[in-house]
Amino acid sequence: MITKPPIDELTEKAGDKYSLCCVVAKRAKELNNSPELPQNFKPITYAAGEFDDGITEINRKK
């Protein structure tokens with residue numbers, strides 16, 4: 001469960017929970033076997049932090 005950053009803040013940035021779930025899950029999957037992931041971090045927590053910091057974004061197609 002993501003507690004830091006708060007899920008409500010992330011949902012507000014993403015616009016809805018579905019979009020948040022998609023962007024964080026996709027990035028966590030990329031990080032899963034990557035040397036980018038620092039030790040002592042879970043991929044989903046790290047991906048949520050990246051989204052909160054603005055490193056990853058949601059690209060909405062029109």
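User: At what angle do α2 and α3 pack, and how far apart are their axes?

Analyst: In this predicted model, α2 and α3 pack at an angle of about 120°, with their axes 8 Å apart. That makes α2 oblique to α3. Angles under 35 degrees count as roughly parallel, over 145 as roughly antiparallel, 65 to 115 as roughly perpendicular and the rest as oblique. Axes are lines fitted to C-alpha atoms, for helices over the stretch in contact, and angles run from 0 to 180 degrees between N-to-C directions. Helices are DSSP runs (H or I, at least four residues), numbered from the N terminus.

User: Before going on, what should I know about the model itself and its numbering?

Analyst: Residues are numbered from 1 along each chain as its sequence is written, and side-chain values use heavy atoms, with hydrogens and water left out. As the model is predicted, local features need pLDDT of at least 70 and side-chain atom pairs count only at pLDDT 80 or more, while totals for chains, interfaces and linings use all residues.

User: Back to α2 and α3. Is that crossing left-handed or right-handed?

Analyst: The crossing of α2 and α3 is right-handed. A crossing is left-handed if the near helix is turned anticlockwise from the far one by less than a right angle, and right-handed if clockwise.

User: Which residues meet there?

Analyst: From α2 come Leu-20, Val-23, Val-24, Ala-25, Arg-27, Ala-28 and Leu-31, and from α3 come Pro-43, Ile-44, Tyr-46, Ala-47, Ala-48, Glu-50 and Phe-51. These residues divide into 12 nonpolar, no polar and two charged. Here Ala, Val, Leu, Ile, Met, Phe, Trp, Tyr, Cys and Pro count as nonpolar, Asp, Glu, Lys and Arg as charged, and the others, Gly among them, as polar. Contact means heavy atoms within 4.5 Å.

User: Arg-27 is on that list. Is it buried or exposed?

Analyst: Arg-27 counts as buried, because its relative accessibility is 14%. Buried means under 20% relative accessible area, exposed over 50%, and partly exposed in between (1.4 Å probe, protein chains only). Arg-27 lies in helix α2, which covers residues 17-31.

User: What does Arg-27 touch?

Analyst: Leaving aside residues up to four places away in sequence, Arg-27 touches Glu-36, Ala-47, Glu-50 and Thr-56.

User: Which residues of α3 are buried, then?

Analyst: Ala-47, Ala-48, Gly-49, Glu-50 and Phe-51 are buried in α3. The cover over the buried residues of α3 includes α1 and α2.

User: How does α1 pack with α3?

Analyst: Helix α1 (residues 7-14) and helix α3 (residues 43-53) pack at an angle of about 55°, and their axes are 10 Å apart. The two helices are therefore oblique to each other. α1 passes α3 in a left-handed crossing. Leu-10, Lys-13 and Ala-14 of α1 make the contact with Ala-48, Phe-51 and Asp-52 of α3. Four of the contact residues are nonpolar, none polar and two charged.

User: And what is the angle between α1 and α2?

Analyst: α1 and α2 pack at about 100°, with their axes 8 Å apart. They are therefore roughly perpendicular to each other. In this contact, Ile-7, Leu-10, Thr-11 and Ala-14 of α1 meet Lys-17, Ser-19 and Leu-20 of α2.

User: Where is Pro-5, and what does it touch?

Analyst: Pro-5 is in the segment before α1. Pro-5 counts as buried because its relative accessibility is 10%. Not counting residues up to four places away in sequence, Pro-5 touches Leu-10, Ala-48, Gly-49 and Asp-52.

User: New topic. How many aromatic pairs does the structure hold?

Analyst: The structure holds one aromatic pair. Phe-41 and Tyr-46 form it edge-to-face, at 5.5 Å centre to centre with 70° between the planes. Rings of Phe, Tyr and Trp (its six-membered ring) pair if their centres lie within 6.5 Å; planes under 30 degrees apart count as stacked, over 60 as edge-to-face and the rest as tilted. Phe-41 counts as partly exposed at 43% relative accessibility, and Tyr-46 counts as partly exposed at 23%.

User: Which residue has a positive phi although it is not a glycine?

Analyst: Asn-40 has a positive phi of about 70° although it is not a glycine. Most residues other than glycine have a negative phi. Asn-40 is found in the loop between α2 and α3, and at 83% relative accessibility it counts as exposed.
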